[in-house]
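Student: Please take a close look at one part of this structure, and set its backbone geometry and packing in the context of the surrounding elements.

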Amino acid sequence: MMQFGLIQNYSTDIHEIADAVETYEAAGLDTIAVAEAYSFDAVSRLGYLAAKTTRIGLMSNIFQLYTRTPSLTAMTAASLDSLAGGGFTLGLGASGPQVIEGFHGVKYDAPLGRTREIVDICRQVWRRDPVVHDGRHYSVPLSREQGGTGMGKPLKLINTPERTNIPISIAALGSKSVAQVAEIAEGWQPIFYDPNRADRVWGESLEQGLARRDAELGTLQIQVQVFFAFGDPSPKALMAVRAQLALYIGGMGAKGKNFYNDIAVRYGYEAEAAEIQELYLSGRQAEAIAAVPDELLYGVALFGDADELKRRIAAFEAAGVTTLLLAPVGDTPEQRLSDVTSLLELVRD
């Protein structure tokens, strides 16, 4: 059965969701995912939400690979899982050089290799094994030969975690990274996911990764962030969605180095993606926004009346999606709350 979550994005006031937690619980919301880029940190907000809910699961969306050590990532996840009563999912992702180098001042390198090593270290920490890892990117403990003092010894987590295996869900878009996620993680978080076209982009990669997957990981959970409105979005809301798509397709990275543009191309919008990028990078953002095709916009969104929403949810489910992380686009907090609870009532009935 499809599960439903809610995204607490970078700019939304945390209190909008926290103050409505009881309503969301009563409506049957499954998850709240908290975003993190160069915004307020996600950890503080997740801890605040954990104190507000007794039933709704929590997820990071996402912790960036480069901004915390692997062991700190594991410690943080174990702490949040304890606060959430065993209901936390560790969302990880590489982000991009614009954020990692531009805001954090950390070199953006080897996202594939770092991801695999971080996952390994996290699972050691949660099992309360003395952490020993000699990888290409991380060495724990750090030896004298590797620049340490030589006094480091393998340590295990002091506290006993709520669970010894916290689910890990990784945001990934590239073919190699998606294959790796399907191999090593419990979940995958794609972005701009059109259920009718996604197989063109990621089908082969998922197949390759799943062929190497350990059966103990269970079925790969696919958690998709989706723009959402119950009914027709307002012109203001549609413009905001267009603007975000134009920013990612046109303005994230340079020509030839933009995964979001690549997705649009592989969906079949090659000419449109090229135009959006050309306009955006030349400073003509308004024209780039106007160039986003309706078919692309509605393909990655969940908009419509009750019948249309049911049809679209069925399409996501048929494509293998297990959780829809709703990003409501209503113009007011009241409208966003109403839209989400109305959808939950519709699907639960």
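Tutor: S95 lies in the loop that runs between strand 5 (residues 88-93) and helix 5 (residues 97-100); helices (H or I, at least four residues) and strands (E, at least two) are DSSP runs, numbered from the N terminus. Residue numbers start from 1 along each chain as its sequence is written, and side-chain values use heavy atoms, with hydrogens and water left out. The model is predicted: local features need pLDDT of at least 70 and side-chain atom pairs count only at pLDDT 80 or more, whereas totals for chains, interfaces and linings use all residues.

Although S95 is not a glycine, its phi is positive, at about 60°. With a relative accessible area of 34%, S95 is partly exposed; here buried means under 20% relative accessible area, exposed over 50% and partly exposed in between, for a 1.4 Å probe and protein chains only. F192, likewise a residue other than glycine, has a positive phi near 50°. F192, however, counts as buried at 6% relative accessibility, and its place is the loop between strand 9 and helix 8.

Helix 8 covers residues 198-211, 14 residues in total, and spans 19 Å from its first C-alpha to its last. This is close to the expected 20 Å, where the expected span is 1.5 Å times one less than the number of residues. A kink of about 25° is centred on E204 of helix 8, the bend at a residue being the angle between axes fitted to the seven residues ending there and the seven starting there.

Which residues of helix 8 are buried? They are A198, V201, W202, G203, S205, L206 and G209. An α-helix has 3.6 residues a turn, so residues three or four places apart point the same way. The buried residues of helix 8 pack against helix 7 (175-184), strand 9 (187-189) and helix 10 (259-267).

The axes of helix 8 and helix 10 come within 7 Å and cross at roughly 110°; axes are lines fitted to C-alpha atoms, for helices over the stretch in contact, and angles run from 0 to 180 degrees between N-to-C directions. Helix 8 is therefore roughly perpendicular to helix 10, given that angles of 65 to 115 degrees count as roughly perpendicular, under 35 as roughly parallel, over 145 as roughly antiparallel and the rest as oblique. On the helix 8 side, A198, R200, V201 and W202 meet I263, R266 and Y267 of helix 10, contact meaning heavy atoms within 4.5 Å.

Helix 10 also pairs with helix 11 (residues 270-281): their axes come within 7 Å and cross at roughly 150°. Helix 10 is therefore roughly antiparallel to helix 11. N261, A264 and V265 of helix 10 make this contact with E270, A273 and Q277 of helix 11.

The largest nonpolar core has 100 residues, and W126, W188, W202 and L324 have the most contacts inside it. Such a core is a set of buried Ala, Val, Leu, Ile, Met, Phe, Trp, Tyr and Cys residues joined through side-chain atoms within 4.5 Å. Helix 9 (residues 235-251) gives the most to this core, contributing seven residues. Beyond its neighbours within four places in sequence, W126 is in contact with residues including A74, A77, L90, P161 and I168.

Not counting residues up to four places away in sequence, V321 touches M2, Y193, I222, V224 and F316. V321 and D30 are 291 residues apart along the chain, and their C-alpha atoms are separated by 15 Å.

For helix 14 itself (residues 306-318), the axis comes within 11 Å of that of helix 15 (residues 333-348), and the two cross at roughly 70°. Helix 14 is therefore roughly perpendicular to helix 15. A306, L309, K310 and I313 of helix 14 form the contact with L343, L346 and V347 of helix 15.

Two cis peptide bonds complete the backbone account. One joins V140 and P141, with omega about -5°; P141 is in the loop between strand 7 (139-140) and strand 8 (168-171). Another runs from N61 to I62, with omega near 5°, and I62 is in the loop between strand 3 (57-61) and strand 4 (63-64).
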